[in-house]
Amino acid sequence: MSHSCTGACGAIATQFDAARAESDMKQYRTKGPNPTTRLLRDGIVRAGAGESLLDIGAGIGAATFELLAAGFSTAFTVDASSAFVAVARCEAQVRGLASRMTILEGDFLATAAAVPAADTVVMDRVVCCYPAYRPLLEQALKRSDRLFAYSYPRGRWYVRLVVAWENLWRAVTRNPFRTMVHSPGAMERILLANGFHRVSRSGTLAWCVDVYRRGTT
């Protein structure tokens with residue numbers, strides 16, 4: 001899961017450690033992007049891609065690597081996990097993409113002033129890591145010149161049940177990380193209020209993947 005954090009970076013470090021980063025990268029190299037990353041990539045490409053990309057909660061950088069391969073020229077990524085940032089930087093070197101990528105370690109909301117705007121902003125499985133999703137969405141939308149795409153857990157009973165069990169197990173094992181299932185309708189209202197309209201929706205049984213464009217047409 002890609003991620004970022006506010007006031008919970010210790011929990012993020014516990015959940016997204018070096019072992020998880022190496023495992024995610026091994027899986028990406030052997031099997032390609034996970035379903036939500038693939039759907040985000042395809043939805044953005046259909047909507048017109050762009051020159052510059054901002055990947056918030058970029059994790060190992062899979063969405064960025066996919067979109068650079070699909071036609072983007074440059075990318076700026078930010079992630080709160082030092083382990084995932086290290087793996088992303090190494091992979092960028094391996095792929096010969098280091099000169100086209102700027103990789104920032106830190107909490108997006110704490111570092112937002114240093115994060116540039118981009119044609120397209122993407123957040124893959126990030127909003128579910130934030131208890132307070134409104135400031136995350138609002139700051140991300142401010143940095144999108146044209147497209148905003150994100151994936152998030154569906155607000156279905158079975159998704160909420162699975163998440164509840166996962167969070168209960170984390171509480172039992174004293175893992176401070178928690179996953180949130182936010183209201184899709186409430187999140188969409190934030191996007192609409194900030195001048196975006198949805199151009200596509202896809203997803204899996206558990207995840208929804210939306211692409212929005214700035215403006216009304």
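**Exercises on fold and salt bridges**

With 217 residues, a compact globule would have a radius of gyration near 17 Å, and the protein agrees with this at 16 Å; the radius is taken over C-alpha atoms, and the globule rule is 2.2 Å times the number of residues to the power 0.38.

The model is predicted: local features need pLDDT of at least 70, side-chain atom pairs count only at pLDDT 80 or more, and totals for chains, interfaces and linings use all residues. Residues are numbered from 1 along each chain as its sequence is written, and side-chain values use heavy atoms, without hydrogens and water.

**Exercise 1.** State what share of the 217 residues counts as buried.

*Solution.* Buried means under 20% relative accessible area, exposed over 50%, and partly exposed in between (1.4 Å probe, protein chains only). By this criterion, 52% of the residues are buried.

**Exercise 2.** Describe the salt bridges of R41 with E66 and with D42.

*Solution.* A salt bridge is a side-chain nitrogen of Lys or Arg within 4 Å of a carboxyl oxygen of Asp or Glu. For E66 and R41, the closest N and O atoms are 2.7 Å apart. E66 lies in helix α4 (residues 62-69) and R41 in helix α3 (residues 35-47), so the pair ties together parts 25 residues apart in sequence; helices are DSSP runs (H or I, at least four residues), numbered from the N terminus. Both E66 and R41 are buried. For R41 and D42, the closest N and O atoms are 2.9 Å apart; D42 is partly exposed, at 27% relative accessible area.

**Exercise 3.** Locate the salt bridge between E138 and R134.

*Solution.* Both residues lie in helix α7 (residues 133-142), four residues apart, about one turn of the helix. The N to O distance is 3.5 Å.

Methods. Helix = DSSP H or I, 4+ residues; strand = E, 2+ residues; numbered from the N terminus.
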